[in-house]
Amino acid sequence: MFQPEFSLPVALPLRFFRTAPLWLALAALAAFGLEAGEWPQRYSPALLAITHLLMLGFIGNIMVGALLQVCAVLTGIRAQHPERWGWMLWLGLQTGTALLALGLWQMQTHYLQTAAVLLLLSLGALAVWLLTMLWRSRQASALVYPIAGLALTVLSGALLVGVLSVAWPALPLADLLRAHITLGSMAWIFALIIVVGLTVIPMFLVAPSWPARISRYLPAGLAIAVLGAVINAQLLVLLLMPALIWLIALYRLLHQSQRRADPARYLWAWGGFNLIVCTALVPWLDGLSTSWPAQEGIPVLLALHFIVAGLLPIFTAMQAKIIPFLLWMDYRLQVLSGGQLRHMGQLWPEKHLKRLSYLVYLLGISLLPLYLFAFKAIPALIMIFAAALSYCLERAIVHKKRACVS
C-alpha cells in the first residue's frame with residue numbers, strides 16, 4: 001500500500017539521482033579514451049573499471065535512491081535520522097565506486113580492498129538493515145528479493161576482491177565471477193525493476209494493477225532461477241521463463257494504459273524487449289562467440305546492449321516520473337493550496353522526456369553498427385545523454401525552488 005506520509009526528505013533520494021549522470025559522463029569519458037583493440041577485451045583493467053563506473057556509479061545510484069524511497073512509502077521503513085544516514089550511505093557508495101574503478105584500472109590491490117570494505121559497510125549494511133526491518137515488521141513484501149540480491153551481489157564482489165588480491169577464499173574465479181554478474185544483473189537490478197514497476201506503472205501510466213499472481217510469485221520465481229544459474233551455468237536458460245512472463249504481463253498493462261501518448265510507455269516497452277533479448281542470448285554466448293566474425297567482442301557488445309538498450313530506457317522512464325512526483329509532494333507540503341505549480345508535469349515536461357527518449361532509441365538501435373564501425377560515437381552519444389538527463393533533473397529542482405519562493 002502506498003503511504004506518502006512515510007516519504008523520505010526529498011533531498012535524500014535526489015542526492016543519489018543527481019549524482020548518477022555524473023558517473024555516466026565519467027564512464028563515457030573513460031571509454032572515449034580507449035583504443036580500438038581495447039573494446040573487445042572484456043577482462044581488460046580499463047573495461048572492468050568502466051563497467052563498474054556504469055553499474056555502481058550510474059545504475060547503483062539510481063537503484064539505491066529508488067530503493068530507499070520505495071521502502072519508505074510501501075513498507076513504512078525509514079531510519080530514525082534519515083538525512084544523516086543518507087549522507088553516510090551516499091558517501092560510502094561514491095567513495096567505494098571511485099576506489100573500485102581506480103583499483104581495477106591500475107590493478108592496485110589496496111584500492112580494491114578499501115573499496116570492498118567501504119561497499120560492504122554501505123551497500124551491504126543497508127541491505128542487512130532493510131532485511132532485518134522487513135522481518136521485524138512481518139510484512140510479506142516482494143522487496144525482500146531485490147534487497148537479498150543486493151546483499152549477495154556485494155558479498156560476491158567482496159569475495160572476488162579477496163580471490164584476486166590475496167587468493168582467499170579458495171573459490172574458482174570463473175564460477176565466482178559468473179555468480180557475481182548473475183546476482184548483480186538479475187537478482188538485484190532486474191528484480192528491483194520488477195518490484196518498482198508493480199507500483200509506478202499503474203500509478204503513473206494509469207494502467208490496471210498487475211495480476212495478483214505476478215505480484216506474488218514472479219519475484220520468488222526469478223530468485224529461484226537465479227539461484228539455479230549461480231549453482232550451474234547450464235541453468236542460465238531458466239532465467240528466460242520469469243523474464244518472458246514479466247514481459248508479456250508488462251505489454252498487456254502498457255496496452256491498457258490510459259496514457260497512450262506518454263513517452264514513458266514506449267520506453268518501458270523498448271527496455272523490456274531488450275532485456276529479454278539479452279536474457280535469451282546469454283546461455284548461448286559461447287556458441288555465438290565462435291560463429292560471429294567479431295567473436296572476441298560479443299560479450300562486451302551484449303553487456304552494452306543490456307545497459308544501453310535495456311536498462312537506460314527503463315531508468316529514464318522511472319526517473320522522469322519519480323523525480324517530479326517527489327518534488328511535487330514536497331512542494332505541496334510547503335504550499336498547501338494554490339501556487340504556481342498546478343501539476344507535476346510542469347517540473348519535467350513531456351516534451352523533454354520525448355527528446356530524451358529519441359536519444360535512448362538512437363543509442364539502442366545504432367549500437368551494433370557503431371560498435372563495429374565507429375565505436376568512438378558510443379561514448380559521445382552517452383555523454384550527450386548524460387548532459388541532457390542532468391539538465392532535465394536540475395531544471396525540475398530549480399523550477400520547484402522558484403515556485404516555492406514566489
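**Entry 1: methionine 107**

I began with methionine 107, which is partly exposed, with a relative accessible area of 44%. Methionine 107 sits in the loop between helix 3 and helix 4. Helices here are DSSP runs (H or I, at least four residues), as strands are (E, at least two), and both are numbered from the N terminus.

I must record that this is a predicted model, in which local features need pLDDT of at least 70 and side-chain atom pairs count only at pLDDT 80 or more, whereas totals for chains, interfaces and linings use all residues. Residues are numbered from 1 along each chain as its sequence is written, and side-chain values use heavy atoms, with hydrogens and water left out.

**Entry 2: other backbone features**

I found that valine 206 also has a positive phi of about 50° although it is not a glycine. Valine 206 belongs to the loop between helix 6 and helix 7 (212-231). With 34% relative accessibility, valine 206 counts as partly exposed.

Which peptide bond is cis, with omega near 0°? I noted the bond from tryptophan 168 to proline 169. Proline 169 is placed in the loop between helix 5 (144-166) and helix 6.

**Entry 3: helix 2**

I looked along helix 2 and recorded a kink of about 45°, centred on glycine 60. The bend at a residue is the angle between axes fitted to the seven residues ending there and the seven starting there. Helix 2 is mostly covered, since 26 of its 31 residues are buried. Just after helix 2, I noted glycine 76, with a positive phi of about 80°.

I looked up threonine 153, which is found in helix 5. Threonine 153 counts as buried, at 12% relative accessibility. What does threonine 153 contact, leaving aside its neighbours within four places in sequence? I listed His180, Leu183, Gly184 and Trp188. Contact means heavy atoms within 4.5 Å. Threonine 153 and glycine 184 are 31 residues apart in sequence, and their C-alpha atoms are 5.2 Å apart in space.

Leucine 100 is buried, at 10% relative accessibility. Not counting residues up to four places away in sequence, leucine 100 touches His52, Leu56, Leu112, Ala115 and Leu119. I also looked up a pair 70 residues apart along the chain: the C-alpha atoms of leucine 100 and alanine 170 are separated by 22 Å.

**Entry 4: cysteines**

How many disulfides does the structure hold? I recorded 0 disulfides, a disulfide being a pair of cysteine sulfur atoms within 2.5 Å. Cysteine 392 is in no disulfide, and the nearest cysteine sulfur, that of cysteine 404, is 20 Å away. Cysteine 392 is buried, with a relative accessible area of 5%. I found cysteine 278 buried too, with a relative accessible area of 3%.

I looked for cavities and pockets on a 1 Å grid over the protein atoms alone: a cavity is a set of points where a 1.4 Å probe fits but cannot get out, and a pocket is an open set with protein on both sides within 12 Å along at least five of seven lines. Lining residues have an atom within 4 Å of a point. Grid points are joined across faces, edges and corners, and a volume is the space filled by probe spheres set on the points.

The search of the whole structure finds 4 cavities of 30 Å³ or more. I noted about 160 Å³ of space in the largest cavity. Among the 15 residues that line the largest cavity, those closest to its centre are Phe2, Val70, Val73, Val200 and Ile322. Helix 2, helix 6 (173-204) and helix 11 (298-334) give two or more residues to this lining.

I then recorded a volume of about 500 Å³ for the second largest pocket. Of its 21 lining residues, Trp85, Leu89, Ser122, Leu126 and Trp129 are the closest to its centre. Helix 4 gives the most to the lining of the second largest pocket, with 7 residues.

Note on methods:
Buried < 20%, exposed > 50% of the residue type's maximum accessible area, 1.4 Å probe, protein only.
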